[in-house]
Amino acid sequence: MRSFAPAMTHITRMDTQSILTYRVNFGLHLLGRLLQIYLLKVVWTSVYGGQAAVDGVPLQTLIAYLTLANLQTWFIYPEAIDVLPGRVRNGAVALDLARQLGLLPQLVAHSFGRTVGVTAMVVVALPVVAIVGSLQPPQSPEAAGLYVVSTVFAYAITLAIGIVLALVSFWTLEINGVGLLYLYVNQFFAGALIPLWFLPDWLRTLAELLPFQTQAFLPLSLYFGRLQGGDAIRALGIEVFWCVLLWAAAIAVWQRAIHHVQVQGG
């Protein structure tokens, strides 16, 4: 186990350095996210039509929610979706499989590296983020603590989803379409475009049956104090459920994938 930590740290550091080296590319990604935040601000300001609040949600709180939701879904994007398919196509995955550090820990380390690099860029851009969208502090110290715990679970859930989707490349080689579908579906059902508070009952019921709400809606509902007491505990329980289920699925798919590689002689 001791040899695993340095190996994971090395991969994480390399991914972080890659992001900082190609910061222009990631800066353009951030610019695109800022543009989306600004357009959402314009659209929702128009939807409110001068009203101070809708369904008990003040406009400024909504804009702050959407700003943080879009940053969060970008911040915890599962890097495995982008890393593994290319390595499967060019055969570099054979080297990954030969390493003492297993493939799943390697994918986790890649995601950590991306997260560290993205975080550094977002911190630098926070003044611009505050102008383009809106930022608010958590509703209370308790809300801040619950948000941090919830976001840790959200990150773990995203890693599991990303690994499951990335492992599909052992059968299909190309998963660009799957990655794009995940990006759009996740943004919608995570509440990064429309908070689930405002969805029709039938669509909100569907959203609550999916894991995507854990990516932004539940953590930020805790952040803004809209979930408290028993509701807050229930939200964390939902995240724990999805975390266990999706990591079990990731491990099961990985076992099938490595068997597939062995059968094919890879």
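Visitor: What is the handedness of the crossing of helix 6 and helix 7?
Guide: This is a predicted model. In it, the axes of helix 6 and helix 7 come within 11 Å. The crossing of the two helices is right-handed.

Visitor: How many charged residues does the contact of helix 6 with helix 7 have?
Guide: From helix 6, the contact includes L103, L104, L107 and V108. Helix 7 brings Y155, L159, I163 and L167. By class, the contact has nine nonpolar residues, two polar ones and no charged residues.

Visitor: At what angle do helix 4 and helix 6 pack?
Guide: Helix 4 covers residues 80-90, and helix 6 covers residues 103-132. Helix 4 passes helix 6 in a right-handed crossing. The two are oblique to each other. Their axes lie 9 Å apart, and the angle is about 130°.

Visitor: Which residues in helix 6 meet A80, V83 and L84 in helix 4?
Guide: The contact has five nonpolar, two polar and no charged residues. A80, V83 and L84 are the helix 4 side. On the helix 6 side are L103, L107, H110 and S111.

Visitor: How many residues apart are Y147 and Y223?
Guide: The two form an aromatic pair, 5.0 Å centre to centre. Y147 sits in helix 7 (residues 141-167) and Y223 in helix 11 (residues 217-223). The pair links distant parts of the chain, 76 residues apart.

Visitor: Is Y223 buried or exposed?
Guide: The relative accessible area of Y223 is 11%. Buried means under 20%. Therefore Y223 is buried.

Visitor: Is the pair of F241 and W242 stacked or edge-to-face?
Guide: The ring centres of F241 and W242 are 5.3 Å apart, with 70° between the planes. Planes over 60 degrees apart count as edge-to-face. So the pair is edge-to-face.

Visitor: Which residues form one aromatic cluster?
Guide: A search of the whole structure finds 13 aromatic pairs. One cluster is formed by W44, Y65, W197, F198 and F217.

Technical notes:
Residues numbered from 1 in each chain as written. Predicted model: local features only at pLDDT ≥ 70, side-chain atom pairs only at ≥ 80, totals over all residues. Heavy atoms only, no water. Axes fitted to C-alpha atoms, helices over the stretch in contact; angles between N-to-C directions. Helix = DSSP H or I, 4+ residues; strand = E, 2+ residues; numbered from the N terminus. Parallel < 35°, antiparallel > 145°, perpendicular 65-115°, else oblique. Left-handed = near helix turned anticlockwise from the far one by under 90°. Contact = heavy atoms within 4.5 Å. Nonpolar A, V, L, I, M, F, W, Y, C, P; charged D, E, K, R; others polar. Phe/Tyr/Trp six-rings, centres within 6.5 Å; stacked < 30°, edge-to-face > 60°. Buried < 20%, exposed > 50% of the residue type's maximum accessible area, 1.4 Å probe, protein only.
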